[in-house]
Amino acid sequence: MIVALDLGLVFAVMALGVYISFRILDFADLTVDGSFTTGAATTAALIVAGVDPWLATLASVGVGLVAGSITGLLHAKGGINPLLAGILTQIALYSINLRIMGRANVPLLRADTILSPMRDAELLGTPVSVLVFLGFAIVLTALLVWLLSTDLGLSMQATGDNEAMIRSLGVNTDAMKIFGLALSNGLVALCGALIAQYQGFADIGMGIGLIVAGLASVIIGQAIFGQRTVLVAAGAVVVGSVIYRLVIQLALTVGFNPNDMKLISAVLVVIALLLPQWDVVRRVKARRQERLDKLTVPYEEPEVATTGEEAQR
Amino acid sequence: MTQPKLELSNITKIFYPHTVNERIALKSFSLTLHEGDFVTIIGSNGAGKSTLLNVISGVYRPEAGTMRLDDRDVTRLTDYQRARYISRVFQDPMAGTAPHMTIEQNLAMALARGLRRGLRRGVSRAKRERFREELSALELGLEDRLGVRVGMLSGGQRQALSLLMATFSKPEILLLDEHTAALDPQRAALVTRLTAEEVSRHGLTALMVTHNMEQALQLGNRLIMMHEGEIIFEIDAEAKAAATVPDLLAEFGKVRGAAEALSDRTLLG
């Protein structure tokens, strides 16, 4: 179970990346499946070649940034549909990943990685490693929340919320999307690099279906905690990632076949997407919202025409 | 008079050129605005009024003609580059604000119109004070709700907020695209009053498209009537002060086809 906590917190890095593309930019970015592996492959190949593991990890962030920019360029400059742009980059990355690694699997077991100190002290999978990864996730979340509260971050949020409006205020929304997708995939690649070092190998198939895990984290977390502010929304993503890993771990413990995990992931996401639309849940939520409004809003006009839109999101 | 603020010369905008659906929306259109001019534009549907605003704001690129702003040629600038000088209020109250962001965040984005957006705090304490002041001028009680998401506001409140966002950063040119058309009469009157106040408070140069002739006469110092991409009638401040809705209708009547194109709403408006 502790390993699930470890993994949940490391995968939270990827989930934060998915949060940027999926929620902030309103862009379902399928590049993730490819860029995650690219991050892992880059780090593994560099470490095996004798590069310092910290540098190798940093390099995968750079590669992730590039991968995201390519999807961004295809969409923003080439006018290609977001899903298709992501798929194209993802498929292209498959070949690139094989080129980077030279083969389908690169083991890192005897190599020196950034997690070696903890591995040698037998601290991985203990409360100590959980605390370390938790600290890392908190720092990243704080950085992201800060970034989104700056002038630049506000423009990025508005790009996903009302593109025509923020363009009319002088923001180059194409550049904003490219930047956001780069950032998102940089985080995803960083996560890939960490996972490769955690499990001790990079594999060509390790990214398959990962976007679903990312979406599951975002959707589950935000279904529970909501997204009233960016801080709540981003924190919810981290918790969502941990919950997702725990559920998967639980499913394995009760005897589900590991091969069924992708199916279980998909079903989880579907449930998390459908549940909020269910009448009972909606009514409870509306009541909660009403109470919050009474607390926070001293003045309300008699006709409120647009509240329905808020509830739907 | 001093040099013109905004100068459109021979602007031609064609939709679907070289196809059977080809339509000339603006026909060699020229218009000059001086500092402080507030021009209202009326015309039947399809007269090219909205196209004109979209060309000025840079959303549409004209096939021919030039546009100068304060003696700079801005014809080749994109919409987001022109945003530094030109601000806009849309017809749809939902279009001018970001619904999932708070009132203060929306205002902060508007305050940074056309500026470099860096890593400074979007909503600082000083800015928040300023927003509170600006909002209290609207007298809608919004100054106490800075942290509320804009999606929670009514259409009238959102449009008033859009108007404030478009004006308080003092743009060179303000474009109003039927910005009261989607509101009920009471809210429309409110936004119309706010428009007049904000424009005179900041001494803005403005262009307003409207279907409401009374509003067209009530606001601004010049009025132009458009039909099929051309100006067919124009009056200045003096004549405008004396003009009435029947006068305008009579002018419409002179254009064959235009009178039939007027909707009931316009006549009642």
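Predicted model: local features only at pLDDT ≥ 70, side-chain atom pairs only at ≥ 80, totals over all residues.
**View 1. The fold of chain A, with its 14 helices and 2 strands.** Chain A has a radius of gyration of 20 Å, close to the 20 Å that the globule rule gives for 313 residues, so chain A is as compact as a globular protein of that length. Taken along the principal axes, the box that its C-alpha atoms fill is roughly 70 × 45 × 30 Å. Of the contacts in chain A between residues at least 6 apart in sequence, 79% join residues at least 24 apart.

**View 2. The packing of helix 3 (residues 103-111) of chain B with helix 4 (residues 125-136) of chain B.** The axes of helix 3 and helix 4 of chain B lie 10 Å apart and form an angle of about 100°, which makes helix 3 of chain B roughly perpendicular to helix 4 of chain B. On the side of helix 3, B:E104, B:L107, B:A108 and B:L111 meet B:K127, B:R128 and B:F131 of helix 4; by class, this contact has 4 nonpolar and 3 charged residues, and no polar ones.

**View 3. The contact of chain B with chain A, which takes 37 residues from chain B and 32 residues from chain A.** On the side of chain B that touches chain A, helix 2 (79-82), helix 3 and helix 5 (155-167) of chain B each supply at least two residues, and the largest share, 4 residues, comes from helix 3 of chain B. The residues of this side of chain B divide into 14 nonpolar, 13 polar and 10 charged.

Definitions and conventions. Residues numbered from 1 in each chain as written. Chains lettered and ligands numbered in written order. Rg over C-alpha atoms; globule rule 2.2 N^0.38 Å. Contact = placed C-beta atoms within 7 Å. Axes fitted to C-alpha atoms, helices over the stretch in contact; angles between N-to-C directions. Parallel < 35°, antiparallel > 145°, perpendicular 65-115°, else oblique. Nonpolar A, V, L, I, M, F, W, Y, C, P; charged D, E, K, R; others polar.
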